[in-house]
Amino acid sequence: MRVTAPITELLAAYEQMDGPDEMLDRDGAPRPAYAEFASRLASWSIEEIDARQQRAELEMLTGGITFTVYEDDAGAERIFPFSILPRVVAAAEWRVIESGLIQRVRALNAFLGDIYSGQRCLTDGVIPAEVLFGGAGLNLRMVDFEPPLGVYAHIVGTDLIRDRHGQFRVIEDNARTPSGVSYVIENRRVMLNAVPELFPEGAVAPVHDYAERLLETLIAVRPPHVGHDETRVVVLTPGGFNSAYFEHAFLAREMGVELVEGHDLMVHEHNVYLRSTTGLEPVHVVYRRIDDDFIDPLAFRPDSALGVAGLADAYRAGRVTLANAPGVGVADDKVVYRFVPDFIRYYLAEEPILPNIETYAAVLPEDLEQMCANLDQLVTKPAGESGGYGIVIGPQASGEELRALEERVRADPRNWIAQPLQEFSTIPTLLDGKLRARRSDLRPFILTGESSWVLPGGLTRVALREGSYIVNSSQGGGSKDTWVLRAPLDGGG
């Protein structure tokens with residue numbers, strides 16, 4: 001292959017945006033965490049990068065690494081757009097992220113245990129009652145029930161951004177059925193196959209053991225009457241039409257457990273069984289990837305064909321564990337998010353390691369007026385939406401759009417929050433033969449059983465559309481491999 005334009009020329013022409021860049025400082029020099037990677041990349045041509053990029057995309061396509069976009073007229077399955085230039089996180093910086101995430105999940109589980117028992121947080125004024133009871137995530141069937149080990153949120157994906165001052169901040173907690181970890185693992189596999197020469201030898205923390213850790217976590221929270229070695233785990237999926245079905249199948253396969261749909265399970269006398277070719281086999285832990293409303297048609301939506309009749313009662317009877325627990329949605333409500341730093345102080349008597357973004361909740365009268373007076377400067381989000389839908393970015397909205405937004409906010413204040421627009425960090429991304437700065441976030445995954453463990457890395461999502469602040473795959477976003485360095489290549493921070 002003819003070698004022309006080295007990547008260093010593209011980096012020299014690279015235009016940074018207002019926020020910090022993960023790879024380069026303002027002078028265009030690689031940051032310490034990227035130094036080894038940049039030196040390995042320096043001799044490559046744009047043609048070589050392009051060829052490796054195409055190899056990576058072909059691997060993803062042949063590997064079936066896809067997601068479904070429901071809003072697409074064709075309901076098409078697509079590969080997750082992928083860039084072979086990674087996010088690199090220094091070891092020292094990761095230690096702060098890791099401790100902050102574990103702290104946050106501890107506080108969320110303490111909050112869940114409180115609201116489904118004594119509700120001290122209400123009597124002590126930590127969170128207003130109208131916030132707690134006004135959302136959709138509260139599940140009254142969890143009242144006065146404590147799951148094994150007191151863990152409600154076993155698998156959490158927390159979204160982070162790096163702000164313009166270099167500080168990592170939490171933008172959202174995903175505690176119901178967080179998705180994306182399969183792409184973390186597959187991104188790494190594709191990178192090791194497509195560009196193995198770019199990896200600093202022995203310096204990048206592995207991610208391949210996530211499924212093993214997940215299985216250990218699920219076995220740890222089995223019902224108390226079940227022995228460790230006899231525990232049977234299944235993954236409950238809504239089926240192949242679901243946008244995250246690839247991940248459901250991937251995790252079941254990697255853990256070596258059954259992938260099941262609702263009709264594969266049955267409940268008899270509060271015990272859960274898997275229908276198999278050899279008869280009924282007991283099931284003790286269900287990693288459910290379906291929403292609360294569809295878990296059990298006898299307890300929730302009677303029209304659900306996705307769940308298992310009697311499963312909710314079997315759970316309450318302590319005969320099976322559901323992960324995550326029903327009712328954890330109240331902990332990742334966008335309005336409740338505003339109060340998580342207060343939960344950390346209240347339940348743990350600690351200061352938050354990872355701060356929130358300043359947030360206004362329209363359900364609070366003083367916040368409502370502040371929001372409506374400054375909609376043109378804020379990012380306004382509906383609490384009941386996900387995937388980046390319904391977000392209004394004030395500085396990019398027209399006067400007519402803002403007037404319509406104010407009407408919607410005032411008509412349903414419990415459903416809206418707003419935050420100052422964040423100029424968060426970018427990462428160089430190869431697009432149309434050029435390196436472009438694109439905004440990115442990071443979703444690490446935290447597992448909690450007898451203790452908490454954070455997968456070293458996470459899903460780096462990138463807003464591929466020029467000028468976009470929305471990184472979600474459903475909104476045209478892509479992904480990158482995330483490298484957590486082991487010392488001494490962390491550059492000191």
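This is a predicted model: local features need pLDDT of at least 70, side-chain atom pairs count only at pLDDT 80 or more; totals for chains, interfaces and linings use all residues.
**Helix 13**

Helix 13 spans residues 399–411. An α-helix has 3.6 residues a turn, so residues three or four places apart point the same way.

**Helix 11**

Helix 11 runs over residues 340–348. Its buried residues are Val340, Pro341, Phe343, Ile344, Tyr347 and Leu348. They cover an arc of only 155 degrees around the axis, which puts them on the same side of helix 11. The packing partners of these buried residues are helix 4 (91–115), helix 5 (120–123) and strand 5 (168–174). Alanine 349 follows helix 11 and has a positive phi.

**Arginine 52**

Is arginine 52 buried or exposed? Its relative accessible area is 10%, under the 20% cut-off, so arginine 52 counts as buried. The residue lies in helix 3 (residues 46–62). Leaving aside residues up to four places away in sequence, arginine 52 touches Trp44, Ile84, Ala194, Val195, Pro196 and Glu197.

**Aromatic rings**

A pair of aromatic rings is described by the distance of the centres and the angle of the planes. The model has 12 aromatic pairs. In one of them, tyrosine 116 and tyrosine 152, the ring centres are 6.2 Å apart and the planes lie at 25 degrees. Planes under 30 degrees apart count as stacked, so this pair is stacked. The pair links distant parts of the chain, 36 residues apart. Tyrosine 116 sits in the loop between helix 4 and helix 5, and tyrosine 152 in the loop between helix 6 (129–134) and strand 4 (155–162). Tyrosine 116 is buried at 2% relative accessibility. Tyrosine 152 is buried at 3%.

Tyr34, Phe37, Phe199 and Trp483 form one aromatic cluster.

Two arginines lie over ring faces, as tabulated here.

| Arginine | Ring | Distance from ring centre |
|---|---|---|
| Arginine 338 | Phenylalanine 339 | 5.3 Å |
| Arginine 439 | Tyrosine 469 | 3.7 Å |

**Backbone exceptions**

Most residues other than glycine have a negative phi, and most peptide bonds are trans. Which peptide bond is cis, with omega near -5 degrees? This bond runs from alanine 323 to asparagine 324. Asparagine 324 lies in the loop between strand 12 (321–323) and helix 11.

Aspartate 144 has a positive phi, near 60 degrees. Its place is the loop between helix 6 and strand 4. The relative accessibility of aspartate 144 is 63%, so this residue counts as exposed.

Alanine 349 has a positive phi as well, near 55 degrees. It is found in the loop between helix 11 and strand 13 (360–361). At 70% relative accessibility, alanine 349 is exposed.

Notes: Residues are numbered from 1 along each chain as its sequence is written. Side-chain values use heavy atoms; hydrogens and water are left out. Helices (H or I, at least four residues) and strands (E, at least two) are DSSP runs, numbered from the N terminus. Buried means under 20% relative accessible area, exposed over 50%, partly exposed in between (1.4 Å probe, protein chains only). Contact means heavy atoms within 4.5 Å. The expected span of a helix is 1.5 Å times one less than its number of residues. The arc is that of the directions from the helix axis to the C-beta atoms. Rings of Phe, Tyr and Trp (its six-membered ring) pair if their centres lie within 6.5 Å; planes under 30 degrees apart count as stacked, over 60 as edge-to-face and the rest as tilted. A charge sits over a ring if NZ of Lys or CZ of Arg is within 6 Å of the ring centre and within 35 degrees of the ring normal.
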